[in-house]
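Let's take a walk through this structure together.

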Amino acid sequence: MKHLMTTLTGLALAGAMTTAQAADISVGGKNFTEQQILSSMTSQYLEGQGYDVDTRAGMGSAVLRQAQENGQIDLYWEYTGTSLINYNDVSERLGPEETYARVKELDAEKGLVWLAPSAANNTYALAMRADDAEARGILSLSDLAQAINDGESLEIGLNAEFYARDDGWRPLMEAYEFQVGRRDVSRMDTGLVYQALRDGDVDVGLVFATDGRIPAFDFHVLEDDREFFPAYALTPVVRQETLDEFPELEEQMNALSALLDDETMATLNARVDVDRETIERVAQSFLEEHELL
């Protein structure tokens, strides 16, 4: 009986230790390449900093956000425009800094802290083949507008959604004060826009700013110098309760955020989507390169 009691006590202690040793931080991520790279990168980085990390990648956007609000996810990377428009129902057009300030304020009321935003902004953009953009002297959307107003013929490739939406193609032309006839705009699936631009079937194409095909196909993203497109700054968001428990987490995540920009994310995305490297290896090599692992 004494031996049995000792065994039961040992099992109880083991169970208690298992509970006590639950992961310090749960890291979430959405279900597309960029987010999967970031969740892997964050988990590896924090494990290297001594945290016990539970990684839950591949979640839908709304489900992930709800999980964070409910305390099931401590930390993940979100886009400022997604929080502003989708989670906080703000339709007002705001600049990048205003967007960040607004979501930081609104989400603080829900117990969520927006840390330092990265320079990666995964928003809509227009791009050209780099050699063509340089030859034509078109490096920004204002340059594009000027070229069109000067009578230069340019074929535009857009997806059907952006062409038709209320904050899409027509408002963009109004904001930059140019006009393109319908016959000079080709509407197609998003993936086909990249192919058409690469192959020279269109001169200007709609892209997403951190898509891996931008560097892979040698595209130049035209600067949105009038800040027409909504800001989707990639930013680590953490629960206030988690930050209270691990205050050093803010400095650690801000250091990682400072290393990310459009070109960096596009290159990392391309290594997975174009070169077929594994997500874990791409994330690991990035951390090693910056001596964070």
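One term first: a residue counts as buried when its relative accessible area is under 20%. Keep in mind, too, that what you're looking at is a predicted model.

Now find helix α4, which covers residues 80-87. How many of its eight residues are buried? Six of them are, so the helix is largely enclosed by the rest of the structure. The buried ones are Thr80, Gly81, Thr82, Ser83, Leu84 and Tyr87.

Strands of a sheet pair through backbone hydrogen bonds, and they can do so parallel or antiparallel. Here, five strands make an open sheet with mixed pairing, and its order is β7-β6-β8-β5-β9. At the edges sit β7 (185-188) and β9 (219-221), each pairing on one side only. Going from one strand to the next, the twist averages 40°.

Zoom in on the β7 end. Strand β6 (residues 156-159) runs parallel to β7, and four bridges join the two. Leu158 has its bridge partner in β7, namely Arg187.

Finally, look for helix α10, residues 190-199. This helix lies across β5 (124-129), β6, β7, β8 (204-208) and β9, and it runs at about 135° to β8.

Technical notes:
Residues numbered from 1 in each chain as written. Predicted model: local features only at pLDDT ≥ 70, side-chain atom pairs only at ≥ 80, totals over all residues. Heavy atoms only, no water. Pairing = 2+ DSSP bridges. Axes fitted to C-alpha atoms, helices over the stretch in contact; angles between N-to-C directions. Contact = heavy atoms within 4.5 Å. Buried < 20%, exposed > 50% of the residue type's maximum accessible area, 1.4 Å probe, protein only.
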